[in-house]
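Dear colleague,

I am handing over the structure we spoke about, and you will find it just below. My notes on what was found in it follow, beginning with a question.

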Amino acid sequence: MKFSNIGYLLKEGFKGIFLHGFMSFAAVCVTVACLIIVGSFSILAYNLDVMVQDLNQTSEILVYVDSDLSDAEARSIGTKINALNNVLQSTFVSREQALQDFVEDHNGDSAFNGVQPTDLRHRYVVTLEDNTLMEQTDAQLRQIPGVADTKAAYALAQGFSTIQQVLHIASVALIAVLLVISLLIISNTVKLAMYDRRDEIAIMKMVGATNGFIRLPFMVEGFTLGMMGAVLAFGLEWIGYDALVEKISTVDALKLFTFVPFETLLVPMILVFAAAGLFVGIVGSWTSIRKFMDV
Amino acid sequence: MIEFTDVVKCYEQGNKALNGVTMQIDDGEFCFLVGPSGSGKSTIIKLITGELRPTSGTVKVNGYALERIRKREIPLLRRTVGVVFQDFRLIPNMTVYDNVAFAMRVIGAREREIRDRVPYVLELVGLENKANRHPGEMSGGEQQRLAIARALVNNPSTIIADEPTGNLDPARSFEIMALLQEINNLGTTVLVVTHEKNLVELFAKRVIAIDDGYVVSDGRER
């Protein structure tokens, strides 16, 4: 193929979009619909993952310090706790602070007026890097001299981990299935567009056009349609997501759910939509045209 | 030059279309290929244009050995063979000029060459005043002349016309045959596949008759 023909081939590719307007419109609509479905599900899965992760972060171990230790000795245990591998953070809570928090939690109930700080123990609130290792870390904490007792909700942490794993597997499987279905639908639409132009392709073959020369305008067309679909789907996804999040934030019953702002997903979403649009456009054209090349 | 030597062609379904065809059409010759439907005429055309490969035997077309031609050489072979069909196979949304120019563009010709060559070929087939028309606005005879112009524009050494007058009335059929003869006079090899006995008799040219996959006669019509 001569370099001087590139301009002609690109022009033909763009011209083809308008010449076969209805088929182009159908291909873009199908691409947009499929990408929005895949995109929406991916965002939903991501948000659920973030929510579960946030809830999981709230799982913590309470480490009670032996009441015989002095304040200074109690505070020195923090270094040993932080030295453990799976410990993300530990916060010292003095007896006084613990009592104050307790009373506040019970709305300053006068029933606790007689309780003295010395009735309670100094404690550490420990958050972990990996909650699935909570049991092992708890056992290590109990080994530290000066630690009287610990309190950890293994079952809750385990539950969150299981939910997260199930969510991961389900979302990956569903996204894969949706992507394959989208590819099949888009490829079929492109195939119809090619069928519409089979005579043109046959004439090109008959007069001695090379396969590359025949393919390039269709690839340009597929690329352009794929990109158009991706840009439109991306825009609609953004607008729709923002509107939905705004709506949810006004409903009190749903305030428990926090959604990540679309802006934080901008780069991955652009990349995913562009890649998916390009992939379905180019691969769809490539595989569809093969059928009509054997003339 | 077109040369078939003991060519057998069997289709996948098992039916034998050609049973050892041997023939030779020299450069610059005008030749008719006649025979009833299903006799193997279309198979011969498909073998010449590289759409099919022979099951056995050898096919040589303009220097290409088609029994062992590489896929990427097929477009080059097709540039040496212009094909005209009974149903014209024009692109309806292109003008007369663009239908012809299209054949040059798809083999990578430069715009300047196209601007020089297309008007010359349109004049040769008598369509110089209809360059801006669309095929749908033209008669059957004119459409066939346009198809011939498209087949000619890349200057092939051979023109194959497959039932070129099948959709035309006798007067237009004669015009098309006269045009093909004129093209032959300019040095292009012409092979006309037809079953119209009248035309074959009118133009005293070499006639290869084929029946049931065999060449049953090869000679000049008197």
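Leaving aside its neighbours within four places in sequence, with which residues is Val125(A) in contact? They are Glu60(A), Leu62(A), Thr91(A) and Val93(A), where two residues are in contact if their C-beta atoms, placed from the backbone, lie within 7 Å.

Before going further, please keep in mind that this is a predicted model, in which local features need pLDDT of at least 70 and side-chain atom pairs count only at pLDDT 80 or more, while totals for chains, interfaces and linings use all residues. Residues are numbered from 1 along each chain as its sequence is written, and chains are lettered from A and ligands numbered from 1 in the order in which they are written.

Val125(A) belongs to strand E3 of chain A, residues 123–128; helices (H or I, at least four residues) and strands (E, at least two) are DSSP runs, numbered from the N terminus. Val125(A) counts as partly exposed because it has 13 C-beta neighbours inside 10 Å, given that a residue is buried with 20 or more other C-beta atoms within 10 Å of its own, exposed with 12 or fewer, and partly exposed in between. From Val125(A) to Thr150(A), 25 residues away in sequence, the C-alpha to C-alpha separation is 9.9 Å.

In chain B, 4 strands make up an open sheet with antiparallel pairing, in the order E2-E1-E4-E5, and strands pair if DSSP finds at least two bridges between them. The edge strands, each pairing on one side only, are E2 (16–25) and E5 (64–65) of chain B. Strand E4 (residues 56–61) of chain B pairs with E5(B) over 2 bridges, and Lys60(B) has Ala65(B) in E5(B) as its bridge partner.

Helix H1 of chain B is largely enclosed by the rest of the structure, because 6 of its 8 residues are buried; these are Lys41(B), Thr43(B), Ile44(B), Ile45(B), Leu47(B) and Ile48(B). After H1(B) comes Gly50(B), which has a positive phi, near 80°.

As for the two chains together, 17 residues of chain A are in contact with 16 residues of chain B. On the side of chain A that touches chain B, helix H1 (6–19) and helix H7 (198–206) of chain A each supply at least two residues, and H7(A) gives the most, with 5 residues.

With best wishes
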